[in-house]
Amino acid sequence: MKRMSGYADLHIHSYLSGGGTLEPAEIILKVNEYNNSNPGTKINFISITDHETTAAYNGIRHIGSRYRIEVMPGIEIKSVLGERKVDILGYAMDVTDIDLNRGLIGIRDRKIRWLTNTVHKLNKEIERDGYPPLKEVDVEALAPQGSPINTYDVANALVKVGIVDSTEIAMKKYLKKDMPASVEYELPDVEAAIRIIKDAGGEAVIAHPKLLSKKSNQRAAIIRSIVSIGVDGIEVYHTEHTSRLKHEFAELAKKHELDVYGGSDYHGPHVDCNYQRESFLYGNIRSAFPAAEIGKSKLPRRHADAIRKMWTRKQKR
Ligand SMILES: [Zn+2]
């Protein structure tokens, strides 16, 4: 095997994640651009981890190899542990696995039920405000193929038909938690999310553990429970993690023998980043945060090497 070197960004979103903006191929170009201006810390190993879909991976590997950027399949699945929301990243799955795809279709079906309920509640509100009702197809037309519909698509549809001026207003007025058209997602439990990934030969990883709780002792307890369910790794490096948090999670990784992962959680060079981040991080991020650019939080070489070894091994199966 040839000598490995460089850095990795294993948490990138394309337009297939609501709120993400770039085509998967554009992401490769963006990483290449980053590499050209940062020759000392080149990223040559990435994963696109869209929400509940691996569609980005199809057809992108070859574009990656043209720029010497290796692409590993990835996914991010929103789930719950009791009342708590837990995001699980998945890596190196066999994306053609029937059960994986069936499981993701199941999550997508739940989202469609969610859409029906949301549009129903929303129409009561907008009709009261004197507007014609929104149709489910108006929203579906805006959701990229292969990706599950989310609040962001509904907000966009409201802008498109001219009911509100911006997605931010749509969120504030109708869709945000505790607003009249807010409907809770029926998320899979964390065990199911981990199982979907691992049954397809993948590695399941706890995403941005900072968001599990504001208290470090609670974070440690939650991580312990997720470890007992069978998770393989933890995202130690993340744009939202301070060096103190990185240290905290690196220690927990050591204690529970978890693999160390990391990435930028890039969603695209959007303007309205505060709203975007809120929508993806469950409203836990209060302060204005500049859009996380690819490469801002990259995985150090030794961890990138270990993960790439795993990926190389899995490709031979
Ligand atoms: Zn993410």
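Helices (H or I, at least four residues) and strands (E, at least two) are DSSP runs, numbered from the N terminus. Good morning, colleagues. The structure is a predicted model, in which local features need pLDDT of at least 70, side-chain atom pairs count only at pLDDT 80 or more, and totals for chains, interfaces and linings use all residues. Residues are numbered from 1 along each chain as its sequence is written.

I begin with helix H1. H1 comprises residues 24–37, 14 residues in total, and reaches 20 Å from its first C-alpha to its last. That is close to the 20 Å expected at 1.5 Å a residue, the expected span being 1.5 Å times one less than the number of residues.

Which residues of H1 are buried? They are Pro-24, Ile-27, Ile-28, Val-31 and Asn-35. Buried means that 20 or more other C-beta atoms, placed from the backbone, lie within 10 Å of a residue's own; exposed means 12 or fewer, and partly exposed lies in between. Seen down the axis of H1, the buried residues fall within an arc of 100°, so they line one face of the helix. The arc is that of the directions from the helix axis to the C-beta atoms. On the face turned away from the buried side, H1 carries the exposed residues Asn-36 and Ser-37.

I turn now to two loop residues. Most residues other than glycine have a negative phi. Arg-68, in the loop between H2 and strand S3 (70–81), has a positive phi of about 55°. Arg-68 counts as exposed because it has 11 C-beta neighbours inside 10 Å. Glu-257, in the loop between helix H9 (243–255) and strand S7 (259–263), also has a positive phi, near 55°. Glu-257 is exposed, with 8 other C-beta atoms within 10 Å.
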